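Visitor: I am new to this one. Could you walk me through it?
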Amino acid sequence: MGALPVYRWRLAPDGYATRRQLRARGLRPGGQEVAAQLERPRRRRGPLVAYLYRVDLAVPVRPMTPARRAALAKANTARRTCPACRRDAGYVIPAALGTCVPCADADPHGSDGSTHEQC
């Protein structure tokens, strides 16, 4: 395969779309190779690059099955459950903290590893 065509930011011809643009239309690349790329110049750093796919070769997004929906709900619940107090925090636990905010505030050094009653 030869070199990819490169277009400047916002100057790609019709018929190409990024993954996000395809998803907004209910499509996915469907195994096709990257067809082109966009480059947005930046000062003092390399350009931002976005890969483009052909819209005519894109296929519909797979429908959400009950099993996939259940697996996604289980994964999201795990991301919201504090490992220290085992409660649903109501938000995704920040990776930098590792625990819910009340647990992190109660034991800033994590020295004793105990659970906290105020969580």
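Guide: Start with a term: a helix here is a DSSP run of H or I, at least four residues long, numbered from the N terminus. Keep in mind that the model is predicted.

Visitor: In which helix is Val-101 found?
Guide: The helix in question covers residues 101–106. Val-101 lies in helix α3.

Visitor: Is Val-101 buried, partly exposed or exposed?
Guide: Buried means under 20% relative accessible area, and exposed means over 50%. Val-101 has 35% relative accessibility, so Val-101 counts as partly exposed.

Visitor: Which residues make a nonpolar surface patch with Val-101?
Guide: The patch has an area of about 230 Å².

Visitor: Is Thr-99 buried or exposed?
Guide: Thr-99 sits in the loop between α2 and α3. Its relative accessible area is 16%. The cut-off for buried is under 20%, so Thr-99 is buried.

Visitor: Which backbone nitrogen does the side chain of Thr-99 reach?
Guide: Thr-99 touches several residues beyond four places away in sequence, including Cys-82, Pro-83 and Ile-93. Its side chain reaches a backbone nitrogen at 3.4 Å. That nitrogen belongs to Ala-104.

Visitor: Which residue in β5 stands opposite Tyr-16?
Guide: Strand β2, residues 16–17, is joined to β5 by 2 bridges, in the antiparallel sense. Opposite Tyr-16 stands Arg-54.

Definitions and conventions
Residues are numbered from 1 along each chain as its sequence is written. This is a predicted model: local features need pLDDT of at least 70, side-chain atom pairs count only at pLDDT 80 or more; totals for chains, interfaces and linings use all residues. Side-chain values use heavy atoms; hydrogens and water are left out. Patches are made of residues with over 30% relative accessible area and no salt bridge: like charges are joined within 9 Å, nonpolar side chains (Val, Leu, Ile, Met, Phe, Trp, Tyr) within 5 Å. Accessible areas come from the Shrake-Rupley method with a 1.4 Å probe; for residues, only the protein chains shown count as cover. A salt bridge is a side-chain nitrogen of Lys or Arg within 4 Å of a carboxyl oxygen of Asp or Glu. Buried means under 20% relative accessible area, exposed over 50%, partly exposed in between (1.4 Å probe, protein chains only). Two strands pair if DSSP finds at least two bridges between them. A polar contact is a pair of N or O atoms within 3.5 Å; within protein, one must be able to donate a hydrogen and the other to accept it, and residues adjacent in sequence count only if both atoms are side-chain atoms. Contact means heavy atoms within 4.5 Å.
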